[in-house]
Amino acid sequence: MTIAANPNPEQLQHAPGALTGNLPRTRPSKETLDALQKELDELRDSIRADLGQRDADYIRNIIRIQRLCEIAGRTLIHFSFTPIPFLLGVTALSVAKIMDNMEIGHNVMHGQYDWMNDPKIHSANFDWDTACDNKSWMRTHNFEHHTFTNILNKDRDFGYAVLRLSDDTPWHPLRSIQIIYFGLLSTFFQWGVALHELEFEKVREGTFDLEEKKPFIKAMLKKAGRQVFKDYIFFPALAGPFFWKVALGNGMANLARNLWASSIIFCGHFTEHTQTFTEEECENESRGHWYYRQMLGSSNFDGNRLLHIMSGHLSYQIEHHLFPDIPAHRYAEISPQVREICERHGLHYNTAPFAKQYGSVIKRVLKFSLPSSLRKLTA
Amino acid sequence: MESTKPTLASLTRSWFNLSLFNSRRAGDYFEYLVQGIDPMWSVTECRARVLEVRDETADTKTFVLRPSASWKGFQAGQHLHISMEINGARQTRTFTISSLPQEWEQQGFITLTVKKVPDGRVTPWMHEHLIPGTVVSISQASGDFVLPTDLNESLVFIAAGSGITPIASMLRSLVARNMPVPSSLLYFARTDQDFIFGDTLQGLSRAMSRFNLHLIAADGGSKKKSRSTLPQGFISADHIRAVLAGEPQTVYICGPHPFRELAKQLLAEQGFPQNRIREEAFGLPPLPRTEGAPVTVSFSRSNASTTTDQPGTLLEMAEQSGLKPTSGCRMGICYTCKCTKKSGQVRNVITGEISSNDEEDIQICVTTPISNVELAI
């Protein structure tokens, strides 16, 4: 990767275009953006008009399966005396936690099922099996991340303020071992997400305001306390002398969920060719440009139906970012149309098998461990 | 209703439930599982199965329901909320129970009599799709539009259109008790064909000499059927004078808002004391259009807002802005739509009460903004 000496004036000249791994991209014409807006709005409206019994039945079935997995998992962990049933229990509980967080929690909290008018799965009430407070999640994820997707310095999900994924972030010697942070973030993902709103990076910058963060900290501790109580006090205590076995099983399930959820989420925006944007570029942007940014800032991965369900259909990250409040199980059926629109307007529809996308995330994390100067030498 | 003070026990319970089930009610966690086994089962609400559907008039049907064991019964004149799933979306409406408490006690069924609202979202669906075998959710019965506990003087009932349902239930209940006090019914409908329970009521009046029935059709009707000596047409002082002659203990009024207002005005003109009138609200009163400066309602959690100089209810405004807040009865009864108003003043369209400017919980289905309002939706 080198900096073009004399970039085409039509090409974006801001540094990330050349340095972050952004594909060369030309400023989209107003006609293109208007067409995108019209075509994607129409697609969204057609799906919304079609929502009904099928979607209600789908999410309720998913919830039933999730409940059965959780009950089976906790029962097996509790009553197992040999490794095989114990590991089966851990697997079932991991699956339950993943389904709760991804296909149910994430999607319900996006308001995908609000139209069902069922308080049990309405975004205003829903809570999930993870350390992150639901209201904090809705502020940082639904609002910040989904509005300012991949705008550098505005979308704090881009690198989670822990990873340097573009040369726009200044390099520091501690960045050279960021693959370790990456491993830690994956391992403790639920806690990373829970603490996200704290904006800990502001401590570094010296702009941290404890007073302002107090309500968040209070809510976060309350929620985290309940999660710790459930997995590491209540259910272990039920097992009496087998306290540590149950605590271990629950911890393993939490770990499995953390690794899985982080991998899925990293594949959505940190793959090699997901594009970043500058604030100037997005000033007063039209809805068409917002769609354009969502398409280029997200990446999909392919797989079978089970993989899609277990990823909460975030395997269709592009479709999800275009239509965050459409029930996620619909993304599969609209993806051919989205891809067609993308390709007709000459935009890159970023998709590849899961392993390949995850590999490219690792590649990006390693690549930006080094400052651009050093990279050129090694290139 | 919802504002009972939390006790230590209830706070502890909800903390445990939040910890273990991520919901204040443990039942929410198990509800779909249980329903997957048998739709009549529920850990959070009462269910009822439709046993039979009968035609009453061209646009009115009676639904016979068998409530699940957790349903606690009712008094004649009370109503309940019924929730149905219409193409995946839950819709709730309120109807009077038109059957007798004795029928529920002895045979385990209740009936709801539902007039089809043209272009309505729910009643046309009920008429077409609520067939025997369907399972719905019902609330416990509620309402104070019931017979007095000590019956010693005569009663007068004034009903219009489908407002007959609670009154028919009370009358049948009186008949079942052998009509302990004389009673009169003024029942107004558009034509002779629109008297819901017309035949039943005529049967009752033939059987009970102490029950005076006046069926009054707005289009003039046929005297033969109505058996009323009173003039046909719209409600007037003649009707009121005739029924007040028996010096009733209480007057019950049920019908559309303008009808009730008119009836109350006529009663006042005849000197009947206000505190002996009982009325049942059916639907919201029309919103008076306040001319003037436009108001802005902002929905803080959704980053949406809407500005208009002719505001409807906050629920309607939220829905028109593309939001989907939970809602139920849409008439201020069930509190499903309750949400936090961060700031601004609202008027309750039923009571006319004007709120403070402060943060408080309000029911958005029955409130309309009178200043700029911020809602936590």
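Mentor: We shall take the contact between the chains, then the domains, then the sheet. Please keep in mind that this is a predicted model.

Trainee: What is the angle between α9(A) and helix α1 of chain B?

Mentor: α9(A) packs against α1(B), residues 8–21, at about 75°, and the axes are 8 Å apart. The range for roughly perpendicular is 65 to 115 degrees, so α9(A) is roughly perpendicular to α1(B).

Trainee: Which residues meet there?

Mentor: From α9(A) come R226(A), F229(A), K230(A) and F234(A), and they meet L18(B), S19(B) and L20(B) of α1(B). The residues of this helix contact comprise four nonpolar, one polar and two charged.

Trainee: Changing topic, which domains does the assignment give for chain B?

Mentor: The assignment lists domain 1 (1–44), domain 2 (155–281) and domain 3 (295–375). Taken over C-alpha atoms, the centres of domain 1 and domain 3 of chain B are separated by 27 Å.

Trainee: Now the sheet: in what order do the five strands of chain B lie?

Mentor: The order is β9-β8-β7-β10-β11 in chain B, an open sheet with parallel pairing. Its edge strands are β9 (211–217) and β11 (277–281) of chain B, each of which pairs on one side only. On average, neighbouring strands are turned by 10° against each other, direction ignored.

Trainee: How many bridges join β10 to β11 in chain B?

Mentor: Five bridges join β10(B), residues 250–255, to β11(B), and the two run parallel. I253(B) stands opposite E279(B), which lies in β11(B).

Trainee: What does helix α5 of chain B touch on the sheet?

Mentor: Helix α5(B), residues 164–176, touches β7 (155–160), β8 (183–189), β10 and β11 of chain B, and its direction makes about 155° with that of β8(B).

Trainee: And which strands does helix α9 of chain B touch?

Mentor: Helix α9(B), residues 257–269, packs on the sheet against β7, β10 and β11 of chain B. The direction of α9(B) makes about 155° with that of β10(B).

How values were computed:
Residues numbered from 1 in each chain as written. Chains lettered and ligands numbered in written order. Predicted model: local features only at pLDDT ≥ 70, side-chain atom pairs only at ≥ 80, totals over all residues. Axes fitted to C-alpha atoms, helices over the stretch in contact; angles between N-to-C directions. Helix = DSSP H or I, 4+ residues; strand = E, 2+ residues; numbered from the N terminus. Parallel < 35°, antiparallel > 145°, perpendicular 65-115°, else oblique. Contact = placed C-beta atoms within 7 Å. Nonpolar A, V, L, I, M, F, W, Y, C, P; charged D, E, K, R; others polar. Domains from an automatic or database assignment. Pairing = 2+ DSSP bridges.
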